[in-house]
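Me: I have a protein model open and would like to learn how to read it. Could you walk me through a few features?

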Amino acid sequence: MDWVNLLLAGAYDKDVNTIIYGGRLIALSKKDGWIRPITVGYTMRRLAAKCANNAVITRRSQALQPQQLGVGVSGGAEAAIQSTRRLVSHLSSNHVIVKLDFSNAFNCIRRDLILDAVAAKTPELYRLVHSAYSCEPVLAFADHQILSSEGTQQNDPLGSLQFCEAIYLLLCGLQSEVKLGFMDDVTLSGKLSTVEEDICTILQANAETGLHLNTAKSEIIMEDFTAIASSSPLADFVRVEKSEMMLLRAPVTKGKTHDKAITDKIEHLSRAIDRLSLHHVHDALVILKNSPAMPKLLYTQDV
């Protein structure tokens, strides 16, 4: 408890903080051939961050709703998907839905934006967060060391809340009729002209937020794609039919996309079961219990 209180009070100097707020890196292969670095933070630091998160998460998650459902909201992902299903079923001809993809969002969000948001909304956590972001923590990989200098710190129990706090004012400033965020997964819906203006606002805010909109992966859903002008900020978005739309990796409507999602889950589970024989029986049971991701499976079925 004394250790946690010292961290919350920001009692350690910068040289010590570079170690405390650092971690070990694990390199995993991505499907596209690139490397996905995973940071494992030090246990005591994570414990302090969890205590801090538990102290404020209920109050802050209520304040961030309904624009943000990604932190502290029980069933938030299911609520986002069910709301989108209703939205798609009543989508008029002059309205659009866009799903925004930000390149490496958590690692690019500006730290000064995080600090400003924490100071304004959860000042009791400011010293802890300032200690983490006023230095460049050391991330160790084998014999190599990398300095963490941008974005939220991966696997920080406070990371999701910090990110959502940082982009909250941007979401509130948009004019679309529907503004739905699940952490960095942002969905907008409204009249085409209004959504276009919001995309321009997001692009212009790049310097202030650090977020880069990836138009090659962002999607637009509408009845008539010919209404999109070549000069529109939506021109390079991926055009997706309503029957093929997915949100948070769950199908939004019935059809081929829904059937494929169920088939993929069956294939993944079958492959996992074959590999479970390599584990101790107790470990295998724990993995099997958690691997199907039942909440997601349930709202995948409920189309």
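**Reading the model step by step**

Reply: Gladly! Let's begin with Leu248, which sits in the loop between strand E10 (246-247) and strand E11 (250-251). Keep in mind that this is a predicted model.

Me: What is the phi of Leu248 near?

Reply: Here is the general idea: most residues other than glycine have a negative phi. Leu248 has a positive phi, near 55 degrees. Asn104 also has a positive phi, of about 50 degrees, although it is not a glycine. You will find Asn104 in the loop between strand E3 (95-100) and helix H5 (105-108).

Me: Is Leu248 buried or exposed?

Reply: Leu248 counts as buried, because its relative accessibility is 17% and the cut-off for buried is under 20%.

Me: And peptide bonds, how do I read those?

Reply: Most peptide bonds are trans. In this model, a cis peptide bond joins Gln65 and Pro66, with omega about 0 degrees. Pro66 belongs to the loop between helix H3 (43-64) and helix H4 (76-89).

Me: How many disulfides are there?

Reply: The rule asks for two cysteine sulfur atoms within 2.5 Å, and the count comes to zero. Take Cys164: the closest cysteine sulfur is in Cys172, 12 Å away, so the two are too far apart for a bond.

Me: Which residues have the most contacts inside the largest nonpolar core?

Reply: They are Val98, Leu100, Ile199, Ile220 and Leu234, in a core of 65 residues. Helix H8 gives the most to this core, with seven residues. To see one member up close, click on Ile199: leaving aside residues up to four places away in sequence, its contacts include Val98, Leu100, Leu188 and Phe237.

Me: Now a pocket, please. What lines the second largest pocket?

Reply: Its lining has 13 residues, and Leu113, Ala117, Glu165, Ala166 and Leu169 lie nearest the centre. Helix H6 (111-121), helix H8 (159-173) and helix H10 (206-209) each supply at least two lining residues. By type, the lining divides into seven nonpolar, one polar and five charged. The space in this pocket is about 210 Å³.

Key:
Residues numbered from 1 in each chain as written. Predicted model: local features only at pLDDT ≥ 70, side-chain atom pairs only at ≥ 80, totals over all residues. Heavy atoms only, no water. 1 Å grid on protein atoms, 1.4 Å probe; cavity = no way out; pocket = protein on both sides within 12 Å on 5 of 7 lines; lining within 4 Å. Points joined across faces, edges and corners; volume = space filled by probe spheres on them. Helix = DSSP H or I, 4+ residues; strand = E, 2+ residues; numbered from the N terminus. Nonpolar A, V, L, I, M, F, W, Y, C, P; charged D, E, K, R; others polar. Core = buried A, V, L, I, M, F, W, Y, C linked by side-chain atoms within 4.5 Å. Buried < 20%, exposed > 50% of the residue type's maximum accessible area, 1.4 Å probe, protein only. Contact = heavy atoms within 4.5 Å.
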